[in-house]
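Please look through the sequence and the model before turning to the points below.

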Amino acid sequence: MNKKSFSNTKNQIPLLEVKNLSLLFPQYKEGLKESYIQVIRDFELTIYPGEIVAVVGSSGSGKSLLADSILGILPDNAEIMGRLLFNGEHLSTKRQQQLRGKSISLIPQSVKALDPLMKTSKQVQSVIPDKKAKKRIQEEAFIKLGLPPETGDKYPHELSGGMARRVLIATAMVSESELIIADEPTPGLDELTWEETLTNIKQLSKSNRGIMFITHDIHAALKIADKIAVFYAGETLEIANKEDFSGKGERLRHPYTKALWLALPENNFKPLKGNHPESDEVLIGCVFEKRCPIATEFCKTNKPKSAKINNGITRCFYA
Amino acid sequence: MIKFILRKTGKLASLLIAISLLSFILVSNSPEDPVQSYIGAEISRISPEQRKNIEEYWGLNRSKPEQYLLWVKAVFQGNLGESLIYRKPVSEIILERFSASIVLMGISWLLSGVFGFLLGILAGMNEGSILDRFIKSYSFIMASTPAFWFGLLLLMVFAAWLNWFPVGLASPAGSLAGEVSLIDKLKHLVLPVATLSIGGVASIALHTREKIIEVLNSEFIRFAKAKGERGIKLFWRHGLRNISLPAISLHFASFGELFGGAVLTEQVFSYPGLGQAIVKAGLGGDVPLLLGITLFSVVFIFVGNFMADLLYVVIDPRMKIKQTHD
């Protein structure tokens, strides 16, 4: 497939465009004074048709809520700000309701996402609009994914981890969606199932669908993604191209991304000290300042804006 | 399936033997003298020889194990003996009393099940709201209120003060069986049924509430929403079956509590049901009736649990697997 980078996609309308997305939850601390915890702040991301964009972040950084924000299935008390554009059109709550399951679909993390009391075939068929053909379409998808035909008559608890994963992918496959959000589809898999799952997701992008691949597994992201967005404390710290992850990470823009890259066993295996900030921590300056090796006093009080550098985006004063 | 039923029947048989043995030991060691309770106040009029004759006729002079075996043998022949206080065959009394009790228990059971489930859904869907807090508090209060006390309260307010409903019995006192109208019967049922069902909703409501909150926060509801399902369709397809499981098993398994509640409630309202009969039998030293009703109640409660098991298998596919493997 033809690879797309920033330069040659400029004329195309992005499939999904997220601008300055912020997500807040009200929280009642002592007394009745209301305060907010900010889970996502100023998040940005652009996905073009046929492109896989990985959103990499550690657990607890609000990645799943990002998926829920785009699908419009956040809890009622969530407050969302910023702009979501789907095919150039504003993605309002109403529009999300019309599109989810049809133009936007989700590949969830585990077998727990399947209703324990319903046969798998029925759960996959529910997203196919063509009532007459749904059985055939579902069966074809199962064959394509290498699932034995009797899998459709099984209940979720009768599936192995790998089979469940394929059933979940089948749901996205049979839908007519243009955008697929894969929310952590790989943890807890053995090597073989891991590879297979990634291949299947890659396959989905071949039919010009855009894929947002949410993961904490950098290896998985590098294996299939075209672009990688690094998510930290609810912010996009960097959007890099796959090729930037090479050597000692010289082409990476943000110190956090560099640290991630160097922490991999095959590189330096050098861990990054410190912890991811808590969600209720108030951060005035750069979110990464506390752990950053090149941080200065300036970073403590000033928030870096995102800037385009080398065909990518980063949020650092010293990039 | 056949294996399942056979195993359950085996369990029932051993349960009946154990219960009957235990009740027999308890009853035969009680200070109550069966001859005295049979004769009543005229005990002083009979001679020691007459007394001995009666004891011999009943087999009271034999050893305890022998007495038990004699009784078991009779039960197997379908003879539960004759009640000492009613002077009628025990089986006849059970049948007659049970038909009165089953109306009371059946209606309360249905009402508490339906309303408990609905209240639980309402509370769980609006978790944290005023409605939820109200239903929760109500359930906690009712769960810790004894049925007989609540019955007395209803009796005081609706029968004694407001005079809306009769104070007790199943039909107006002094009227012939043929003259009792359906309205009369229903009027007599209202307060006992209310006593049993108003309290009975508590545990169903609390369990359903807990389950619906769990289901609403589950991954599969999130995924179903992501697939575009919502509203009634979402609830019908993924909610209802999942939340009905604890309600069903709990409600069928609550036959024991229902029976216990009915015993107390019937006592409060002098309702001529099985519960009232067992209290009379216990107080009056009526051993055959007491044992007969005990055995009957064991079967009744067992049937409830058995139905819960069966329904669980029908609704939850995960149960089938367990069964074939075990």
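Predicted model: local features only at pLDDT ≥ 70, side-chain atom pairs only at ≥ 80, totals over all residues.

Which backbone oxygen lies 3.1 Å from a polar atom of the side chain of A:Gln96? The backbone oxygen is that of A:Ile70.

- Helix H3 of chain A, residues 93-99, holds A:Gln96.
- A:Gln96 has a relative accessible area of 6% and is therefore buried.
- Leaving aside neighbours within four places in sequence, A:Gln96 is in contact with A:Ser69, A:Ile70, A:Leu71, A:Gly72, A:Leu84 and A:Leu91.

**Nonpolar cores**

- In soluble globular proteins, nonpolar side chains tend to be buried together.
- The largest nonpolar core in this model comprises 93 residues, and A:Leu45, A:Ile181, A:Met212 and A:Phe213 have the most contacts inside it.
- Helix H6 of chain A (residues 161-174) gives the most to this core, contributing nine residues.
- Another core lies apart from it and has 39 residues, including B:Met105, B:Trp109, B:Leu191 and B:Phe255.
- When residues up to four places away in sequence are not counted, A:Leu45 touches A:Leu16, A:Glu17, A:Val18, A:Val53, A:Val55, A:Met212, A:Ala229 and A:Ile239.

**Contact between chain A and chain B**

- On the side of chain A, 28 residues are in contact with 20 residues of chain B.
- The two chains bury about 2100 Å² between them, and carbon and sulfur atoms give 59% of this area.
- Of the area that chain A buries against chain B, 27% is supplied by A:Asp115, A:Leu117 and A:His157, more than by any other three residues.
- Between chain A and chain B there are two salt bridges, together with twelve residue pairs in polar contact, both residues being at pLDDT 80 or more.
- Helix H2 (63-71), strand E6 (104-107), helix H4 (120-125) and H6 of chain A each supply at least two residues of the side that touches chain B.
- H2 of chain A provides the largest share of that side, with four residues.
- The residues of chain A that touch chain B divide into 14 nonpolar, seven polar and seven charged.

**Salt bridges**

- Side chains of opposite charge can pair when their charged atoms come close.
- Over all chains, the whole structure has 23 salt bridges.
- One of the salt bridges joins A:Asp68 to B:Arg222, with the closest N and O atoms 2.8 Å apart.
- A:Lys63 and A:Glu184 meet through their side chains in a salt bridge of 3.1 Å, N to O.
- A:Lys63 lies in helix H2 and A:Glu184 in the loop between E7 and H7 of chain A, so this pair ties together parts that are 121 residues apart in sequence.
- Both partners, A:Lys63 and A:Glu184, are buried.
- A:Lys303 and A:Glu235 form a salt bridge through their side chains at 3.2 Å, N to O.
- Because A:Lys303 is in the loop between helix H10 (297-301) and E11 of chain A while A:Glu235 is in strand E10 (residues 235-241) of chain A, the pair ties together parts that are 68 residues apart in sequence.
- A:Lys303 is partly exposed, at 31% relative accessibility, whereas A:Glu235 is buried, at 3%.
- A:Asp244 forms a salt bridge with A:Arg251, the closest N and O atoms lying 3.6 Å apart.
- A:Asp244 is buried, at 4% relative accessibility, whereas A:Arg251 is partly exposed, at 46%.
- A:Asp68, A:Asp183, B:Glu219 and B:Arg222 are joined into one network by salt bridges that share partners.

**Residues in loops**

- A:Glu184, which is not a glycine, has a positive phi near 50 degrees.
- The loop that holds A:Glu184 runs between strand E7 (179-183) and helix H7 (191-206) of chain A, and the relative accessible area of A:Glu184 is 8%.
- A:Asn310 also has a positive phi, near 50 degrees, in a residue other than glycine.
- A:Asn310 lies in the loop between strands E11 (307-309) and E12 (312-314) of chain A, and A:Asn310 is exposed, with a relative accessible area of 61%.
- In chain B, B:Gly273 is found in the loop between helix H11 (255-268) and helix H12 (274-283).
- B:Gly273 is buried, at 0% relative accessibility.
- Apart from neighbours within four places in sequence, B:Gly273 is in contact with B:Arg97, B:Ala100, B:Ser101 and B:Glu266.

Technical notes: Residues numbered from 1 in each chain as written. Chains lettered and ligands numbered in written order. Heavy atoms only, no water. Core = buried A, V, L, I, M, F, W, Y, C linked by side-chain atoms within 4.5 Å. Buried < 20%, exposed > 50% of the residue type's maximum accessible area, 1.4 Å probe, protein only. Contact = heavy atoms within 4.5 Å. Buried area = accessible area lost by both parts, 1.4 Å probe. Salt bridge = Lys/Arg side-chain N within 4 Å of Asp/Glu carboxyl O. Polar contact = N/O pair within 3.5 Å; in protein donor to acceptor, adjacent residues only side chain to side chain. Nonpolar A, V, L, I, M, F, W, Y, C, P; charged D, E, K, R; others polar.
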